[in-house]
Amino acid sequence: MKINNFLELKDFQKIIIENEKIELDESLLSRVDKSFQFLKEFSKNKVIYGVNTGFGPMAQFKISDEDTHQLQYNLIRSHSSGIGNPLPVEEVKACMLARLNTLSLGYSGVHQSVIYLLQELINRDIIPLIFEHGGVGASGDLVQLAHLALVLIGEGEVFYNGERKSTKEVFEVEGLEAIKVEIREGLALMNGTSVMSGIGIVNAYKANQLTDISLRLSCAINEIVQAYDDHLSEALNGTKKHYGQQKVAERMRAHLADSKLIRKREEHLYTHFEEQEKVFKEKVQEYYSLRCVPQILGPVLDTLEYTEKVLENEINSANDNPIINVEDQHVYHGGNFHGDYISLEMDKLKIVVTKLTMLAERQLNYLLNAKINEILPPFVNLGKLGFNFGMQGVQFTATSTTAESQMLSNSMYVHSIPNNNDNQDIVSMGTNAAVICRKVIENAFEVLAIEAITIIQAVEYLGFQDKVSSSTKELYDDIRKIIPAFSDDMVMYPYLEEVKKYLKGM
């Protein structure tokens with residue numbers, strides 16, 4: 001894929017998920033060089049933050065010409081101070097691509113060698129060691145991006161062929177040369193929102209998967225109870241002017257188009273009415289977790305769409321400081337590194353994913369509670385009641401995992417803590433928000449895996465294999481390859497993990 005000046009999220013998917021290689025357009029390289037040459041000339045005899053001054057509250061100190069290059073190395077090494085779990089490889093790779101893209105816009109004054117080396121690392125799957133904890137998301141992801149910069153200067157550690165190795169060792173094997181600081185490569189690499197954006201892009205991709213899975217499972221459970229179709233109808237959902245709701249209902253209709261189980265109200269409840277019928281044997285309306293799926297997943301879809309728009313805007317923006325403007329022949333000082341946009345979106349995304357998880361947990365509870373559904377044995381137990389347990393044990397896991405996500409859904413965006421001698425007096429906590437959002441997404445996959453197994457067991461009990469929609473039948477067949485129909489109790493955790501992997505690969 002040739003990169004020039006605008007990346008879409010689908011481009012990240014091709015490069016991060018599908019491992020497509022990247023090429024650099026000549027116009028991109030020319031733009032980078034013009035920015036570098038301009039800054040080199042413009043910074044002579046001028047005070048430029050981070051070029052010939054200290055950093056943050058130390059910006060009042062002038063740096064002598066002979067020390068300016070060492071200043072950048074000092075910045076990188078001193079801020080390589082992350083801790084905790086390493087970020088997953090796919091998230092770091094997304095971060096690297098986001099950083100390459102924003103530095104390529106020509107507003108950062110970096111040398112071309114930075115762009116070339118980032119390209120090589122991405123294409124060769126040499127992934128810097130970056131930790132979850134460290135950034136406050138105001139001068140961008142300073143600490144996490146310092147670990148990226150550390151690798152670019154030939155230090156630190158990387159993941160290479162599945163192993164954690166020293167950068168120096170891997171560069172020798174691959175014949176790569178570290179960059180040499182020219183003007184402000186250290187600050188330009190570190191001052192930005194690329195880590196929170198990279199994690200956010202992976203989160204958005206997975207949230208899309210979750211939304212589709214939740215929608216399919218919701219269709220399946222409506223089939224199991226032989227629900228009426230009017231709550232999915234275009235006529236009903238068209239009276240509510242929300243795109244997400246209408247789109248969810250449309251997708252559900254498509255999934256259920258060839259189902260032999262979904263009923264039409266006019267063929268059952270609108271055909272006759274006997275005065276002596278005081279209590280109806282069948283439910284007139286389904287429970288909310290079945291009937292209100294478009295209204296519940298609709299906001300998830302709308303939120304996700306807006307989050308993707310914000311992410312695309314961020315990765316295609318100049319988000320460091322200062323901004324080098326060749327056209328204006330000027331250097332602007334400001335705060336484009338501030339991560340509030342991403343922080344807020346990650347909070348919003350984790351909230352809607354938690355609600356999606358809550359929907360799954362309630363649908364699961366409906367299937368497991370025989371007093372509510374009135375068509376299945378307790379806990380969808382295909383064995384001997386009282387002797388076997390069916391899905392009873394896994395419900396505890398689903399409930400506790402959902403509860404954790406509810407707790408984690410408290411906002412990170414509003415938890416600013418001043419630091420850096422109060423220079424950074426209000427911060428975004430954007431990377432924290434993105435990491436917590438990832439945890440909520442991971443939890444959702446676990447709960448949906450439990451729900452999926454339960455749905456398949458319910459289809460088995462009712463003998464609906466040949467009556468469900470082709471969409472549900474495909475799900476049934478795939479999961480049955482992982483976990484057989486069971487009536488005897490068995491150890492469940494290996495199957496939960498395998499079904500979770502299956503869902504993540506959908």
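This is a predicted model: local features need pLDDT of at least 70, side-chain atom pairs count only at pLDDT 80 or more; totals for chains, interfaces and linings use all residues.

Modeller: Residues are numbered from 1 along each chain, and side-chain values use heavy atoms, without hydrogens and water.

Biologist: How many disulfides does the structure hold?

Modeller: A disulfide is a covalent bond between the sulfur atoms of two cysteines. The structure holds 0 disulfides, the criterion being a pair of cysteine sulfur atoms within 2.5 Å. For Cys95, the closest cysteine sulfur, in Cys437, is 17 Å away, too far for a bond.

Biologist: Is Cys219 buried or exposed?

Modeller: Cys219 is buried, at 1% relative accessible area; buried means under 20%, exposed over 50% and partly exposed in between, with a 1.4 Å probe and protein chains only. Cys95 is also buried, at 2%.

Biologist: How are two packed helices described?

Modeller: One gives the angle between their axes and the distance between the axes. Here H4 (residues 89-103) and H5 (residues 112-123) pack at about 155 degrees, with axes 10 Å apart. Helices are DSSP runs (H or I, at least four residues), numbered from the N terminus; axes are lines fitted to C-alpha atoms over the stretch in contact, and angles run from 0 to 180 degrees between N-to-C directions. H4 and H5 are therefore roughly antiparallel, a term for angles over 145 degrees.

Biologist: Which residues of H4 and H5 meet?

Modeller: Among them are Met96 and Leu97 in H4, and Leu118 and Leu121 in H5, contact meaning heavy atoms within 4.5 Å.

Definitions and conventions: Helices (H or I, at least four residues) and strands (E, at least two) are DSSP runs, numbered from the N terminus. Angles under 35 degrees count as roughly parallel, over 145 as roughly antiparallel, 65 to 115 as roughly perpendicular and the rest as oblique.
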